[in-house]
Amino acid sequence: MSSPASKRPRRRGPRLTKAEVAEMFARFKALNPKPTTELEFSTPYELLVAVTLSAQATDVGVNKATRRLFPVANTPQAIAALGVEGLAPYVATINFHRTKAANVVAMAKQLIELHGGEVPRDRESLEALPGVGRKTANVVLNTAFGELAMAVDTHIFRVSNRTGLAPGANVREVEDRLLKAVPPEYLHDAHHWLILHGRYICKARRPDCPHCPISDLCRYPDKTPESAVTK
């Protein structure tokens with residue numbers, strides 16, 4: 001005869017189990033089989049420019065700027081020819097646009113001088129470009145070249161910590177843990193699923209827990225009640 005203690009539900013730890021992680025991404029895939037970035041681009045170079053411009057800016061705002069810019073200049077040669085003064089008006093609506101314009105022009109010149117005008121496919125060369133850090137390099141490697149890289153932005157950092165998927169004290173710690181935690185078959189698209197989940201469901205101020213497809217798996221202790229969600 002089983003004891004009362006054996007009938008108690010197993011206490012869940014602070015991190016998702018392997019089975020729960022697999023279930024999380026299976027649900028994400030079922031809802032969105034082919035996720036991608038919301039930044040608009042048609043070449044690796046356009047993606048590199050868009051991601052560089054997107055730091056501390058919204059994808060919507062960047063897309064508005066690049067819709068004006070890319071028909072005029074969408075190659076390193078054309079951007080270099082514009083120069084900072086020529087580029088700045090196209091990106092004037094984006095935060096820190098002067099600094100970003102300077103970085104994008106310097107990046108274009110370096111691509112021409114060192115890479116024949118092509119976007120390199122290795123992390124070291126990407127991170128050596130002006131204005132390009134680890135996150136930007138990861139986005140380009142993953143989205144433009146299909147590499148299994150994980151770009152951790154504020155959304156992914158929040159979702160990884162809240163849910164118990166891959167909690168960490170800083171973005172590099174979260175990145176390393178995600179690369180180990182996410183099943184290989186989901187790793188290529190995990191970056192996009194997690195960003196979209198953080199952007200539209202697991203929002204910073206008030207997560208939409210009642211409409212979250214993984215709420216039953218999530219370890220977040222302060223889930224938003226249905227009564228608190230704006231109809």
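**Terms and values in a predicted model**

Modeller: Helix α3 holds Asn-63. Please keep in mind throughout that this is a predicted model.

Colleague: Why is Asn-63 called buried?

Modeller: The relative accessible area of Asn-63 is 5%. Buried means under 20%, so Asn-63, at 5%, counts as buried.

Colleague: What makes the approach of the Asn-63 side chain to Glu-38 a polar contact?

Modeller: The side chain of Asn-63 comes to 2.9 Å from the backbone oxygen of Glu-38. The limit for a pair of N or O atoms is 3.5 Å, and one atom must be able to donate a hydrogen while the other accepts it. The value of 2.9 Å is within 3.5 Å, and therefore the pair meets the distance limit. Asn-63 also touches Leu-39 and Glu-40, besides Glu-38, when residues up to four places away in sequence are not counted.

Colleague: Let us turn to Arg-177. Why is Arg-177 called partly exposed?

Modeller: Arg-177 belongs to helix α9, which covers residues 171-181. Its relative accessible area is 30%. Buried requires under 20% and exposed requires over 50%; 30% lies in between, so Arg-177 is partly exposed.

Colleague: Which polar contacts does the side chain of Arg-177 make?

Modeller: One joins the side chain of Arg-177 to that of Glu-173 at 2.9 Å. The side chain of Arg-177 also reaches the backbone oxygen of Pro-167, at 2.3 Å. Not counting residues up to four places away in sequence, Arg-177 touches Arg-15, Ala-166, Pro-167 and Gly-168.

Colleague: How far is Arg-177 from Ala-22?

Modeller: Their C-alpha atoms are separated by 15 Å, while the two residues are 155 residues apart along the chain.

Colleague: What does the UniProt record list as "binding site"?

Modeller: The unreviewed UniProt entry lists Cys-202, Cys-209, Cys-212 and Cys-218. How do we know that they cluster in space? They are spread over 17 residues of sequence, yet the largest C-alpha distance is 10.6 Å. The lining of the largest cavity includes Cys-202, Cys-209, Cys-212 and Cys-218.

Colleague: Why are Cys-202 and Cys-212 called buried?

Modeller: Cys-202 has a relative accessible area of 7%, and Cys-212 has one of 17%. The cut-off is under 20%, so Cys-202 is buried and Cys-212 is buried as well. Cys-202 lies in the segment after α10, and Cys-212 is found in the segment after α10 too.

Colleague: How does the term pocket apply, and which residues are closest to the centre of the largest pocket?

Modeller: A pocket, unlike a cavity, is an open set of points. The largest pocket holds about 470 Å³ of space. Of the 22 residues that line the largest pocket, Ala-57, Asp-59, Asp-153, His-155 and Arg-199 are the closest to its centre. The elements that give two or more residues to this lining are α3, α7, α8 and α10, and α10 gives the largest share, six residues. The lining of the largest pocket has nine nonpolar, eight polar and five charged residues.

Colleague: Which residues does the annotation "domain: HhH-GPD" cover?

Modeller: In the unreviewed UniProt entry, that annotation covers residues 53-200. In the model, this span is 66% helix and 0% strand, and its end C-alpha atoms lie 21 Å apart.

How values were computed
Residues numbered from 1 in each chain as written. Predicted model: local features only at pLDDT ≥ 70, side-chain atom pairs only at ≥ 80, totals over all residues. Heavy atoms only, no water. Helix = DSSP H or I, 4+ residues; strand = E, 2+ residues; numbered from the N terminus. Buried < 20%, exposed > 50% of the residue type's maximum accessible area, 1.4 Å probe, protein only. Contact = heavy atoms within 4.5 Å. UniProt positions renumbered as here; feature names shortened; annotations may be inferred. 1 Å grid on protein atoms, 1.4 Å probe; cavity = no way out; pocket = protein on both sides within 12 Å on 5 of 7 lines; lining within 4 Å. Points joined across faces, edges and corners; volume = space filled by probe spheres on them. Nonpolar A, V, L, I, M, F, W, Y, C, P; charged D, E, K, R; others polar.
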